Amino acid sequence: MSTNGLRGIVVLTGTSGLDIGRTLEVIEQELGVTTAKFEEYVEREFKAPIYHVAELLLVDYRRASAKFREAFRKMLESLKGSRLAVVGAHSVYYRRSSIVANPLLGYLREYGERVVIIDYVDDYYHALYRLATRVAEGHTPEIASFQVIDPAGFLYWRSAQESVSSLATSYGAFHFIFASKHSREAHIRLTSMALDMAAGQPKQYRTVYVSHPITRVRARARSLGVPLRNLEEVNEIETVKRDLERSCEDLIVFSPTTIDELIVDENGELETVIRAEERWPHPSNGIHDYPYPIDLSDKIFDTYLYPVEDTVKNKAYLRFLRRLIEASVERRDLGYVSQADFVFAYRPTMYGEIHMGVETEIKTAIAMSKPVYSIIPREERNIEYRLFRFEYPLSSLEELLHVLRCRA
């Protein structure tokens, strides 16, 4: 397949409801690279909106995918003269309660040049809110007419999206998972690294996953009756992440709390009204805007996406949804560990106890032969934490910046 001088493609992909179009706009402005939306070429080829085209893949995948191939050819032709390009596309479509793979991934394999896929994820409640709003405003009419798109269905869709995207690694493509709520700078750095990798001229970026206690911290905020964002420990953790990113210009920081879906009440039941004070604070300098509160039983969801009485107002459904969320947390956070060059564990013995999630991430990184640095204040070293430890223990962020050779 002719590339017309194009030496690399970075594909930004994800489910609907992530507004990847806005991400493409920011990347084009910041990096001055050529961008394209693959689905726009598909729609022109079929002379139909993409949500109908996705249904045609269900009818006859072979015939429909031939038009996807032609759309891909025309997109490449339009990128003629560009050395690098960033393309927005879905890896899978979700129509008539069916998951169907985008043929694009197969054509990328035939493309023959370097490919990097950045798989965007966002909190299910904000993604669903965007979907419902777009339907209500008439941007995607009848998108849910043959199916419901409820929180559980969305999580299955997202899981399939990540699985199909990761298949691209079988033919040498690079694959990253990345949450939309990371800082604007993190978005730009990751895309910059991907572009350089696609060009075959790696720039010296480093990636780090920041592991830290979450569940116990959230429980403490609840017991004190204060919003998470007002808790000293939360502000301390977020300040460390922010200072690490600002001090190390070559560092891409992956943060677990840029997705925060396991928000429960004092009885362990999932909250169905997501308030800003109950969500772990995320960077305010991101790419998108995020409204709060999100009431999952609001009329907009009941009208356009799913029956609230049968889903979010049903306790059995919420218990099932919680299990799906827990599984997605495990998969995503270990995915972050896998794609990071090293792991930084901040206060793994906070409150004088060992935190299971942090311990799992440390042990996973060590098993993958990835360096692990930890900051443990002296007052939190009073528990047995010496045997079989292979991370590099430090006492302050300044020490870490020195070890990483960053400018403080």
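The largest pocket of this predicted model has a volume of about 1,100 Å³. A pocket is an open set of points on a 1 Å grid over the protein atoms alone, where a 1.4 Å probe fits, with protein on both sides within 12 Å along at least five of seven lines; lining residues have an atom within 4 Å of a point. Of its 40 lining residues, S16, G17, H90, R134 and T140 are the closest to the centre. Two or more lining residues come from each of α1 (20-31), α2 (38-46), α3 (50-59), β3 (84-89), β4 (92-95) and α6 (124-136). The largest share, six residues, is that of α6. Helices (H or I, at least four residues) and strands (E, at least two) are DSSP runs numbered from the N terminus.

The second largest pocket has a volume of about 900 Å³. Its lining has 30 residues, with I214, T215, L262, V329 and G357 nearest the centre. Here β8 (206-211), α9 (215-224), α12 (315-339) and α13 (356-367) each give two or more residues, and α12 gives the most, with seven.

The linings divide by class as follows.

A volume is the space filled by probe spheres set on the grid points, which are joined across faces, edges and corners.

Residues are numbered from 1 along each chain as its sequence is written, and side-chain values use heavy atoms, without hydrogens and water. In this predicted model, local features need pLDDT of at least 70 and side-chain atom pairs count only at pLDDT 80 or more, while totals for chains, interfaces and linings use all residues.
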